[in-house]
Amino acid sequence: MSSDSKKTLRLPRRPQPSTEDPQPHPAKSGARALRARTRTRQRQLTEPVPPQRRASAASPPHPSIQHPQRNQKKSVQRSSSPTKETTKQLFTVFAPCPQGLEAVLAQELQQLDFEGVQKERAGCRFHTDWNGILRANLFSRIATRILVQIAQAPVRTPDDIYDLAYETEWEKWFGPRERLRVDTSAIRSPMQSLQYCNLRVKDAICDRLRAREGARPDVDTVRPDAKVHLFLDAHTATLYLDSSGESLFKRGWRYHKGAAPLRENLAAGLLALSGWTPQKPLLDPFCGSGTILIEAAWIALNAPPGLHRPFHFERLRNHNPRIWKRIKEQAISAIKPTLTTPLIGADIDEQALAHARDNLLRARLAADNIQFIPMDARALPPTPEAGYIVTNPPYGERLGGQAAEFWQDWAAHLKSHYDGWNVNIISSDLNLSAQLRLHPDRRYPVYNGALDCRLFQFSIRGRQEHKPSQQSE
Ligand SMILES: C[S@@+](CC[C@H](N)C(=O)[O-])C[C@H]1O[C@@H](n2cnc3c(N)ncnc32)[C@H](O)[C@@H]1O
């Protein structure tokens with residue numbers, strides 16, 4: 001490719017819409033045509049996809065202990081179940097998220113009209129009624145799960161925890177037929193064994209259900225129907241019911257993971273931190289299995305991320321399928337008919353791109369909603385209109401001994417061709433801006449799993465140079 005041709009994006013012609021993935025026809029206008037396009041898009045995003053639909057034949061499958069008297073009940077706070085009378089009851093909810101995304105999760109929850117949203121470490125707390133819990137599961141792109149606070153009390157010993165769990169009305173939520181899993185986490189808890197505390201909760205739930213209903217639930221850590229979470233801090237035990245089940249980043253479309261895929265809720269969080277909006281072009285020059293771009297397409301279409309997955313609240317006693325259906329139907333009716341945002345991914349690995357294309361189709365998107373280009377990031381031309389790069393490049397060790405040279409080449413390419421672009425890079429290399437010789441506008445600390453990373457944000461302005469001093473965090 002000549003250096004001239006790098007200045008504007010000359011992309012392969014968009015493929016014609018396939019009959020399998022009908023695309024709204026851009027030429028038609030008017031209210032009827034718009035309604036038809038909306039129906040097509042809603043149908044497309046809601047119909048089931050066969051488990052192995054492929055884009056190409058080439059890709060192989062693939063929480064301070066006060067010290068109450070034992071059985072002190074005064075300060076115990078409990079919540080009751082989602083019966084008709086209690087649908088308007090307010091629950092305290094904790095939505096965990098990857099560390100570093102608390103502020104954007106809080107924004108998202110406020111935009112979803114939740115009240116009393118408070119940022120905490122690795123999550124947000126808010127209050128809502130039971131229908132709000134269903135909505136949070138369906139709509140949150142950034143939360144990892146939605147935990148409903150059921151009981152809380154000061155505790156001093158594992159026996160206090162047993163008492164708290166035994167006195168909680170689990171039978172309003174589930175019974176002996178549901179398979180049970182209990183998880184425990186703690187911050188500054190003086191309990192000697194978290195495993196033993198976990199066991200006490202499980203025993204208490206089983207003992208209560210056996211006493212009330214004549215049988216106890218089986219424990220199943222792999223495929224539970226009911227998940228209870230015990231959180232301990234220095235003085236208090238809190239019991240949560242996990243309304244989500246599987247983590248919310250599992251949207252239900254990923255078939256191919258690729259080499260080092262980002263979790264979907266981290267991708268959504270990075271997009272939110274970057275400031276990208278669907279009015280601007282988005283490029284991921286190291287797109288791998290396409291997570292960032294697929295997430296962006298769903299954001300641009302206003303498609304709810306939980307549309308195609310099951311939730312644990314559906315298995316709880318008193319679940320109201322009619323209300324759930326209505327919430328989903330309202331969400332479907334708000335899906336946009338067309339995707340006009342230029343979304344472009346590149347990768348030097350053809351296999352990664354084959355996976356990205358498969359994932360695209362399994363995410364119920366049309367083949368041409370995202371353009372995947374086999375190309376080295378150091379040659380990828382920009383779109384005519386400046387936009388955003390949000391990307392997760394390979395980390396140092398994957399680049400071998402040529403990392404320094406690689407980053408300088410890519411930075412030179414960005415300075416030459418991406419004037420006016422906003423570039424966002426997540427990396428565990430905390431020295432990345434020095435390697436790129438670019439001065440970051442911001443460095444957001446974020447965790448990718450257990451990996452301490454930064455989201456570096458650069459504004460590309462022609463031939464800018466790295467100023468080592470003023471880095472903000
Ligand atoms: C950490 S992975 C990206 C994972 C991606 N975010 C996902 O969720 O699947 C980095 C990707 O960069 C690609 N890559 C490595 N060197 C490249 C280069 N010079 N140009 C473009 N892509 C490259 C790799 O093939 C790999 O797919």
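This short talk walks through the sheet, the helix pairs and the ligand surroundings of one predicted model.

Hi everyone. Residues are numbered from 1 along each chain as its sequence is written. Since the model is predicted, local features need pLDDT of at least 70, side-chain atom pairs count only at pLDDT 80 or more, and totals for chains, interfaces and linings use all residues.

Let's begin with the sheet. It is open and has 7 strands, in the order β11-β10-β9-β12-β13-β15-β14, with mixed pairing. Strands here are DSSP E runs of at least two residues, helices are H or I runs of at least four, and both are numbered from the N terminus. Two strands pair if DSSP finds at least two bridges between them. Which strands stand at the edges? They are β11 (371–374) and β14 (442–448); each has a single partner strand, so one side of each is left without a neighbour in the sheet. Neighbouring strands are turned by 20° against each other on average, direction ignored.

Now some of the pairings. β9 (residues 282–284) and β12 (residues 388–391) are parallel, over 2 bridges, and leucine 283 has isoleucine 389 of β12 as its bridge partner. β13 (residues 422–427) and β15 (residues 451–459) run antiparallel and are joined by 6 bridges; there, isoleucine 426 stands opposite leucine 455 in β15. β14 and β15 are also paired in the antiparallel sense, over 7 bridges, with arginine 442 partnered by glutamine 457 of β15. The hairpin of β14 and β15 has 2 residues between the strands, and glycine 449 in this hairpin takes a positive phi near 65°.

On to the helices. Two packed helices are described by the angle between their axes and the distance between the axes. The axes are lines fitted to C-alpha atoms, for helices over the stretch in contact, and angles run from 0 to 180 degrees between N-to-C directions.

α6 (residues 264–274) packs against α7 at about 70°, with the axes 9 Å apart. That makes α6 roughly perpendicular to α7, a word used for 65 to 115 degrees; under 35 is roughly parallel, over 145 roughly antiparallel, and the rest oblique. Residues are in contact if their C-beta atoms, placed from the backbone, lie within 7 Å. The α6 side of this contact includes Ala267 and Leu271, and the α7 side includes Ile292 and Ile299.

A second pair is α3 (residues 130–139) and α8 (residues 321–333), whose axes come within 10 Å and cross at roughly 45°. That makes α3 oblique to α8. In α3, Asn131, Leu134, Arg135 and Leu138 meet Ile323, Trp324, Ile327, Lys328 and Ala331 in α8.

Third, the axes of α4 (residues 158–166) and α5 (residues 194–213) come within 8 Å and cross at roughly 30°.

Finally, the ligand. Which residues come nearest to the ligand? Of the 21 residues around it, they are Phe286, Gly288, Ser289, Thr291 and Asp349; a residue is near if its C-beta atom, placed from the backbone, lies within 6 Å. α7 (291–300) and β10 (343–347) each supply at least two residues of this shell. By class, the shell has 13 nonpolar, 5 polar and 3 charged residues. Nonpolar covers Ala, Val, Leu, Ile, Met, Phe, Trp, Tyr, Cys and Pro; charged covers Asp, Glu, Lys and Arg; the others, Gly among them, are polar.

How values were computed:
Contact = placed C-beta atoms within 7 Å.
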